[in-house]
Amino acid sequence: MKAPARPIRCAIYTRKSTEEGLEQDYNSLHAQRDACAAYILSQAGEGWTLLPEVYDDGGFSGGNMERPALKRLMAEIEADRIDVVVVYKVDRLTRALTDFSRIVDVLDKARASFVSVTQAFNTTTSMGRLTLNVLLSFAQFEREVTGERIRDKIAASKKLGMWMGGGVPLGYDPDGRTLAINPAEAETVCGIYRRYLELGSVHLLCRELADQSVLSKRTVSKTGVVRGGVPIERGAVFHILRNRIYIGEIPHNGAHYPGQHPAIINRDLFDAVQAKLGEKQRRPRAKGQPRRPHTGAPLTGLIYDSAGNRMSPVSCSRKSGATYRYYVSTAIQSGAPDKAGACPRVSAPIAEQAVSEHPQSLE
């Protein structure tokens, strides 16, 4: 009597690059899984059994291994809980040769293998591995060509002034391939531009926006992920003040094209803000002028204000050429002066001299 076949534990892995259609009752992942399950059933005489765990990566690219289901699958293989990985096509597993080599190494160490139900490969032979490498080379080539085609399409569309997605700027709402003005947010953007010209300081502007409880653009993705809706920080204010979308332009790779969306800020106000921002930048060293000696900031990371905030080195230059150095509380730099200690700014030379005379104060 023939001995029963040794049970071969099989896991099905499915993947789809985009989230389009995943909300349907029967989508691409289901179709892949059904085909793989039917193949495993056809091998039942050889002892193949389907494990109940589901390894689905919907909306993940095959160009890398940063996929949650794939990571779980690799962990189970390394733990010797899976004998065979079944996929619909090899490119569902990966589209990159380097990643394929890593996956095969994991399979070899665990004495496991994988099967593609629509492509006959035997990875135990050198010819089978060569065939797979050739196939994956074409898969990777296809992915790279597709990426180039998409980038070219985005560049051509932006030259026509179309908005091609991404983070929606404060003051606008998405409207197909363009943007529509959000009246309430647009008023906030105009106020930010006007107040910056009046204050001349992004730090003061951030503090004022925080006092008025002004929040960043809040968006909700199709999967329910909420972004934004938080206080506007210093970097975001700089981005708003320099964003040419607000004057009706579409930026792309350093160039700017007339957009199909309406402008929120007029050109004169935008130019005035750019001039004010330019004044705040460090003046370039004149040709032939000797470089100022760099004294450094030896107390960086060692000095804190009375509220426990780290103090960072800051320097400013005068028209006379003199440079003044300070250690300033990070609470001040982040636009939250109310959280700073009793002495939020100290002269760097004085603090450094005091420490050099009393080094035990650092112990």
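## Surroundings of K217

Leaving aside neighbours within four places in sequence, K217 is in contact with V168, P169, L170, Y172, D173, N182, E185, R227, G228 and G229. The model is a predicted one. K217 sits in the loop that runs between α7 (202-211) and β8 (219-220).

This lysine has a relative accessible area of 12%. The cut-off for buried is under 20%, so K217 counts as buried.

## Polar partners of K217

The K217 side chain makes a polar contact with the side chain of D173, at 2.7 Å. A polar atom of the K217 side chain also lies 2.6 Å from the backbone oxygen of Y172. For D173, then, the partner is a side chain; for Y172, it is a backbone atom.

## Packing of α2 and α4

A separate feature is a helix pair. Helix α2 covers residues 68-78, and helix α4 covers residues 97-109. They pack with their axes 8 Å apart, at an angle of about 30°. Angles under 35 degrees count as roughly parallel, so α2 and α4 are roughly parallel to each other. Their crossing is left-handed.

On the α2 side, M74, I77 and E78 make the contact. On the α4 side, the contact is made by I103, V106 and L107. What is the make-up of the residues of this contact: nonpolar, polar or charged? Five are nonpolar, one is charged and none is polar.

Methods
Residues are numbered from 1 along each chain as its sequence is written. This is a predicted model: local features need pLDDT of at least 70, side-chain atom pairs count only at pLDDT 80 or more; totals for chains, interfaces and linings use all residues. Side-chain values use heavy atoms; hydrogens and water are left out. Helices (H or I, at least four residues) and strands (E, at least two) are DSSP runs, numbered from the N terminus. Buried means under 20% relative accessible area, exposed over 50%, partly exposed in between (1.4 Å probe, protein chains only). A polar contact is a pair of N or O atoms within 3.5 Å; within protein, one must be able to donate a hydrogen and the other to accept it, and residues adjacent in sequence count only if both atoms are side-chain atoms. Contact means heavy atoms within 4.5 Å. Axes are lines fitted to C-alpha atoms, for helices over the stretch in contact, and angles run from 0 to 180 degrees between N-to-C directions. Angles under 35 degrees count as roughly parallel, over 145 as roughly antiparallel, 65 to 115 as roughly perpendicular and the rest as oblique. A crossing is left-handed if the near helix is turned anticlockwise from the far one by less than a right angle, and right-handed if clockwise. Ala, Val, Leu, Ile, Met, Phe, Trp, Tyr, Cys and Pro count as nonpolar, Asp, Glu, Lys and Arg as charged, and the others, Gly among them, as polar.
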